[in-house]
Number of protein chains: 2
Amino acid sequence: MVRKISSAVIRRLPKYYRYLDELHQSGVTRISSHLLAQRMGFTASKIRQDLNCFGGFGQQGYGYNVDNLRAEIGEILGLNRSCKAILLGAGNLGRALINNFKFSRCGFELIAAFDLDPAVVGTEINGVPILNIDSLDSFVEEHHPEIAVFTLPSEVALEMAARLEKLGVKGIWNFARHEIRPASTGINVENVHFEDSLMTLCYMINDKKEK
Amino acid sequence: MVRKISSAVIRRLPKYYRYLDELHQSGVTRISSHLLAQRMGFTASKIRQDLNCFGGFGQQGYGYNVDNLRAEIGEILGLNRSCKAILLGAGNLGRALINNFKFSRCGFELIAAFDLDPAVVGTEINGVPILNIDSLDSFVEEHHPEIAVFTLPSEVALEMAARLEKLGVKGIWNFARHEIRPASTGINVENVHFEDSLMTLCYMINDKKEK
DNA sequence: CTCCTATTGTCAAACATTTCACATAGAGAA
DNA sequence: TTCTCTATGTGAAATGTTTGACAATAGGAG
């Protein structure tokens, strides 16, 4: 019987990983739920509850072994599998990701980007070849990337998602303005909404002002 | 008696705004909670419950007036106040935001960016002047921007947040790897975590694969 | 080896969010 | 105007998440 892990817990795993990694970097080898809670701004109880979804990683009277816990969470997230990723839309944001974002830290390897601007097609950015969007289908059929990063214009995002789903792509990391909702359960979508995020901040500062 | 609005509701407001804007663009003037729910992938009940936190915007037997509801939500979010924003760190991501992101849509106006690279300081990107980080304090004291966008190296994010808080900045839109937790209740932070988001997607595709 | 202390794993209570169900108000047709 | 039907607003139930409390277990001191 595999108990379903709640999405609230899943969304916290990367944070745990990040903080544990940081502790690891600074040479800390053990940590109690209480201390970790203090650092992360959670309650100790929540942390213990979360970690227990996956098994008893801790030891009573001792706490958690930082390296071990970090490795376990990395394993749960699947960060060590180095899945292939492609990127669609080598505009400003796309190029920023190609140049700076550490895909490998998140379990991916960026193998190619696609665009239709002749000025960039055929070039390479940070070791990643920029290919013509026309060659997308054949490329995907040959290399079977697991996910696609959408840094393309909103208007084409939906049809592109459908196209990639047919080609067997498993996930979309979507930066386009309009969110993509998976048509079937076959594809996973993670939307990153800059506007939503900034609007929320707008609400927060205006809300405070009124008081 | 002002009832506290739950943060789950607040986080959905930008989505409502986005969908209503879209409906508005396509000339739709009225919408029922049921139809909107279908579009957004929510339940009709949730939508009615959410909107009712702020007052009865709908009419029985008719539904909601698209323009009116959009305006009301915009008002609640504070999108029409055009608060001033500055950006710290004109690297790849910073420049991508300066060039492409529609701050005005989210209720802000980007008035300046700061960096320490002499190659960009003194130039202008998309009409936004890039200033030397040394002039930050005096600039903030003179122009009183409401928020700062953090597209700077993680290492300096925390100290910079403290510095800006002292200067009276009300909010931080943080893209740095390490999240910023507000030291006091005086400043609001909205963290955008690319890595967390992609790791979550990593989990999702690996999770599906096992079945 | 024994005791004391720290800290987990876990159950239950508190709290938050979502869904359901339906009375009721208004729109629109005749 | 009157009737019917649609769709809201809302209280209550169901579900999901977080917190609190504590028994039990292992570490480490003496």
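By what turn and what shift along the axis can chain B be laid on chain A? A turn of 180 degrees and a shift of 0.0 Å along the axis bring chain B onto chain A with an RMSD of 0.0 Å, where copies are superposed by least squares on the C-alpha atoms of residues with pLDDT of at least 70 in both. The two copies are therefore related as by a two-fold rotation axis. The same surface serves both copies, since 100% of the contact residues of chain B recur in chain A; contact means heavy atoms within 4.5 Å.

This is a predicted model, in which local features need pLDDT of at least 70 and side-chain atom pairs count only at pLDDT 80 or more, while totals for chains, interfaces and linings use all residues. Residues are numbered from 1 along each chain as its sequence is written, chains are lettered from A and ligands numbered from 1 in the order in which they are written, and side-chain values use heavy atoms, with hydrogens and water left out.

**Chain A as a whole**

- Chain A contains eight helices and 10 strands; helices (H or I, at least four residues) and strands (E, at least two) are DSSP runs, numbered from the N terminus.
- The C-alpha trace of chain A spans about 60 × 50 × 40 Å along its principal axes.
- Of the 211 residues in chain A, 50% are buried; buried means under 20% relative accessible area, exposed over 50%, and partly exposed in between, with a 1.4 Å probe and protein chains only.
- Among the contacts in chain A with a separation of 6 or more, 56% join residues 24 or more positions apart.

**The nonpolar core**

- In soluble globular proteins, nonpolar side chains tend to be buried together.
- The largest nonpolar core here has 107 residues; such a core is a set of buried Ala, Val, Leu, Ile, Met, Phe, Trp, Tyr and Cys residues joined through side-chain atoms within 4.5 Å.
- Phe108(A), Trp173(A), Phe194(A), Phe108(B), Trp173(B) and Phe194(B) touch the most other members of this core.
- Leaving aside neighbours within four places in sequence, Phe194(A) is in contact with residues of both chains, including Leu93(A), Phe175(A), Trp173(B) and Phe194(B).

- Ser197(A) belongs to helix H8 (residues 194-210) of chain A.
- Ser197(A) has a relative accessible area of 8% and is therefore buried.
- Apart from neighbours within four places in sequence, Ser197(A) is in contact with Trp173(B), Glu190(B) and Val192(B).
- Val189(B) is part of strand E10 (residues 188-191) of chain B, and its relative accessibility of 14% means that Val189(B) counts as buried.
- Val189(B) and Gly171(B) are 18 residues apart along the chain, and their C-alpha atoms are separated by 5.6 Å.
- When residues up to four places away in sequence are not counted, Val189(B) touches Leu201(A), Met204(A), Ile172(B), Asn174(B), Ile180(B) and Pro182(B).

**The surface near DNA strand C**

- There are 27 residues around DNA strand C, and Ser33(A), Asn52(A), Gln60(A), Gln49(B) and Gln60(B) come nearest; a residue is near a molecule or strand if one of its heavy atoms lies within 4 Å of it.
- These residues divide into five nonpolar, 17 polar and five charged; Ala, Val, Leu, Ile, Met, Phe, Trp, Tyr, Cys and Pro count as nonpolar, Asp, Glu, Lys and Arg as charged, and the others, Gly among them, as polar.
- H3(B) gives the most to this surface, with four residues.
- Sugar or phosphate holds 62% of the atoms of DNA strand C within 4 Å of the protein, and the rest belong to bases.
- An N or O atom in the side chain of Arg12(B) is 2.8 Å from a phosphate oxygen of DNA strand C.
- An N or O atom in the side chain of Ser45(B) is 3.0 Å from a base nitrogen of DNA strand C.

- DNA strand D has 25 residues around it, of which Gln49(A), Ser33(B), Asn52(B), Gln60(B) and Tyr64(B) come nearest.
- Of the atoms of DNA strand D that come within 4 Å of the protein, 61% belong to sugar and phosphate.
- By class, the surface near DNA strand D has four nonpolar, 16 polar and five charged residues.
- H3(A) gives the most to the surface near DNA strand D, with four residues.
- Gln60(B) has a side-chain N or O atom 2.7 Å from a base oxygen of DNA strand D.
- Tyr64(B) has a polar side-chain atom 2.8 Å from a phosphate oxygen of DNA strand D.

Note on methods:
Polar contact = N/O pair within 3.5 Å; in protein donor to acceptor, adjacent residues only side chain to side chain.
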